[in-house]
Amino acid sequence: MAKDYSRTQRIGDQMQRELALLIQREIKDPRLGLVTITAVDVSRDLSHAKVFVTVMGQEDNIEKTQLNIDILQDAAGFLRMQLGKAMKLRSVPQLHFHYDASIRRGAELSALIERAMAEDRKHPGNDGE
């Protein structure tokens, strides 16, 4: 059981590296922003892969982010074919692109913590503990 997990994890990690290169080099759509692949989650039977992406500078613009996801989803067949050549897998998982909101959420939480700490410093007699 642990061996299955480690194999899917290794395949996901390799897919993440290969997809990052392929998107940068092969996708020529001028509407596509600076895409970062944050994770690839491969199913146990290797038939599907969820590819989590963020788009630099587009965190607040939902329409542009969705456009980038749509562009990648349209290129999924081409990317899958290129992955098959690069990775030498018997069957390459179908690619499903999803927006990864964890980075944006982390930035929001950091800003909230900073704001709370700044507010604490304003009050005299508070040691910050």
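Predicted model: local features only at pLDDT ≥ 70, side-chain atom pairs only at ≥ 80, totals over all residues.

A: A residue is called buried when its relative accessible area is under 20% and exposed when it is over 50%; anything in between is partly exposed. In general terms, side chains of opposite charge can pair when their charged atoms come close.

Start with the pair E108 and R105, whose side chains form a salt bridge with an N to O distance of 3.3 Å. Helix α4 covers residues 102-122, and E108 and R105 are 3 residues apart in it, so about one helical turn separates them. R105 has a relative accessibility of 45%, which means that it counts as partly exposed. E108 has 33%, so E108 is partly exposed as well.

Helix α4 also contains K122 and E119, again 3 residues apart, or about one turn of the helix. Their side chains meet in a salt bridge too, with 3.8 Å from N to O. On accessibility, E119 is at 39% and therefore falls in the partly exposed class. K122 has a relative accessible area of 61%, so K122 is exposed.

The remaining pair is R31 and D29. In this salt bridge, the closest N and O atoms lie 2.7 Å apart.

Technical notes:
Residues numbered from 1 in each chain as written. Heavy atoms only, no water. Salt bridge = Lys/Arg side-chain N within 4 Å of Asp/Glu carboxyl O. Helix = DSSP H or I, 4+ residues; strand = E, 2+ residues; numbered from the N terminus. Buried < 20%, exposed > 50% of the residue type's maximum accessible area, 1.4 Å probe, protein only.
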